[in-house]
Amino acid sequence: MAAALARRAGSAPPWAGLPVAEAEYRNLVLAGSGGPERLTAAADLAVRIAGYDAYPVVYPRRIELALTGDGWRVEREESASGPPAPWDFGPLRAAPGAHCLVLGPAAGPDPAELVAVGDRAVPAVSEVWGSAWAGRLLLERPATEESFARLLDGDPADWTGMAAVTVAAPGAPWHTPADRVLVNPQAYGRLSDFGRQVVVTHEATHVATRADTRAWTPMWLSEGAADWTAYRDSGRGPRQIAPELARDVAAGKLPTALPADRDFTAGASGIAQAYEQSWLACELIARDHGPQRLVAFYRAVGAADGHGEDREGRTDRLLRRELGVGLAEFTRRWLEQVAALKG
């Protein structure tokens, strides 16, 4: 079986066309037999993209082999568990930029526009968050919204309005998670040029801040900081950046607390308002204390011990330490800014 996979990989591997630095099948196990001329095997396919992955991304695979006159040959290969590999939908091509790499269907649209957006996003993020991150972006744009949802191992209906999302590819260590930005071709395609830049810069911020983000980091902070970075220096005012929230305020619908993590769940009602509320919270920090205090607060939250203290208490303590204001007072000031959207 190993020889059959080696022959397959040596001739026309499914990842052909990509700048692959490493690709190998690991943990090969015979999973079944369909007679003397057919076998089914399970294996982990480890693939590392040159210049972007510090560690290989691991895809569990189910492989069907058939005995031919030349020996065992791979007849079919598919995902054994979890999301599929990007090449499971067809041949891919890679388009490199100065700071990014775009992977998309070989027969898909010209990737030049997305490359240009990625190349602008990376330095914009580094200007705020520094150069400690890799300073490069790997973007995957599948052919369809259904493929986008399948790569996320989710229900397409939940991802209809999501233009892009950052995911940690499987198999890499938690501290170096081989981030990918998955782009929803339909939702991204409906955006203006400005909107596309905001989306990709937002996701690039998630990549840059991965090492400073923990399970206890409130999503209003992680999503708000990403939006704040993306809208920074855009010249747009709060009502332009937070139109859904402004409409709610005008209708008398005001929040009473900072957004909860559940408010950001794909398909959640009011998810647009949750993002806008979070942007406003981080805008408040950057405006009143300076952008570097926002960065310092974000990193302080990520560096805090995640045990022995609830999230609200930890956030309160770190707000006081980094910004000199407690959570209750910060929330009060934020609610004033929300109410001011009424005009």
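**Sheet packing and positive-phi residues**

Leu101 has Leu138 of β7 as its bridge partner. The model is predicted. The strands concerned are β6 (residues 100–105) and β7 (residues 137–140), which run parallel and are joined by four bridges. Helix α5 (residues 193–208) packs on the sheet. This helix touches β7, β8 and β9, and its direction makes about 15° with that of β8.

The open sheet consists of five strands. Their order is β5-β6-β7-β9-β8, and the pairing is mixed. The edges are held by β5 (92–96) and β8 (164–168). Each has a single partner strand, so one side of each is left without a neighbour in the sheet. On average, neighbouring strands are turned by 25° against each other, direction ignored. Helix α2 (residues 112–129) lies across β5, β6, β7 and β9 (179–183). It runs at about 150° to β6.

Backbone angles call for separate comment. Most residues other than glycine have a negative phi. Asn27 is not a glycine, yet its phi is positive, near 55°. This residue lies in strand β1 (residues 20–33). Asn27 counts as exposed because its relative accessibility is 56%, where exposed means over 50%.

Asp233 also has a positive phi, about 65°, although it is not a glycine. Asp233 is found in a loop, between α6 (219–231) and α7 (238–241). Its relative accessibility is 68%, so Asp233 counts as exposed.

Terms used. Residues numbered from 1 in each chain as written. Predicted model: local features only at pLDDT ≥ 70, side-chain atom pairs only at ≥ 80, totals over all residues. Heavy atoms only, no water. Helix = DSSP H or I, 4+ residues; strand = E, 2+ residues; numbered from the N terminus. Buried < 20%, exposed > 50% of the residue type's maximum accessible area, 1.4 Å probe, protein only. Pairing = 2+ DSSP bridges. Axes fitted to C-alpha atoms, helices over the stretch in contact; angles between N-to-C directions. Contact = heavy atoms within 4.5 Å.
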